[in-house]
Amino acid sequence: NRPVSSIQSAIGINDRFQYTRELFDNDSEKFLEAVKKLDSKENIKEAVDYLRHNYKWKKNETSLKFVNLVKRRFIHE
């Protein structure tokens with residue numbers, strides 16, 4: 001659970017496919033746009049607000065893994 005400076009650079013190819021398929025309706029553009037917006041947020045509250053407003057994911061292994069990665073982006077706060 002080390003901090004990451006960028007969500008985009010911290011996602012491996014397998015995770016990228018999994019997130020795109022399971023969280024973003026198999027739409028890689030939607031995935032990339034979300035990651036860019038999340039990376040540009042100032043703090044964890046802005047990132048969580050963005051996710052809550054735009055996505056209604058069920059709590060499962062994939063969504064929790066993605067949210068944990070977002071938290072790691074802002075762990076230095």
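Which helix gives the largest share of the lining of the largest pocket? I looked this up in a predicted model. The answer is α5, with four residues.

**Entry 1, pocket.** I took the volume next: the largest pocket holds about 300 Å³ of space. I then listed its lining, which consists of Val48, Leu51, Arg52, Tyr55, Trp57, Lys58, Lys59, Ser63, Leu64, Val67 and Lys71. Sorted by class, I have six nonpolar residues, four charged and one polar. I also checked which elements contribute, and found that α4 (44–54) and α5 (61–73) each supply at least two residues of this lining.

I looked up how helix α2 (residues 13–23) meets helix α3 (residues 28–40). Their axes come within 9 Å and cross at roughly 110 degrees. Angles of 65 to 115 degrees count as roughly perpendicular, and α2 and α3 are therefore roughly perpendicular to each other. On the α2 side I noted Arg16, Tyr19 and Thr20 in the contact, and on the α3 side Ser28, Phe31 and Leu32. By class, the residues of this contact are three nonpolar, two polar and one charged.

Which residues of α2 are buried? I found Gln18, Tyr19, Thr20 and Leu23. Tyr19 and Thr20 are on this buried list and also belong to the contact with α3. I then asked what covers the buried residues of α2. The cover includes α3 and α5; α5 is the helix I had already noted for its four residues in the pocket lining.

I checked the backbone just after α2, where Asp25 has a positive phi of about 50 degrees.

Definitions and conventions. Residues numbered from 1 in each chain as written. Predicted model: local features only at pLDDT ≥ 70, side-chain atom pairs only at ≥ 80, totals over all residues. Heavy atoms only, no water. Axes fitted to C-alpha atoms, helices over the stretch in contact; angles between N-to-C directions. Parallel < 35°, antiparallel > 145°, perpendicular 65-115°, else oblique. Contact = heavy atoms within 4.5 Å. Nonpolar A, V, L, I, M, F, W, Y, C, P; charged D, E, K, R; others polar. 1 Å grid on protein atoms, 1.4 Å probe; cavity = no way out; pocket = protein on both sides within 12 Å on 5 of 7 lines; lining within 4 Å. Points joined across faces, edges and corners; volume = space filled by probe spheres on them. Buried < 20%, exposed > 50% of the residue type's maximum accessible area, 1.4 Å probe, protein only.
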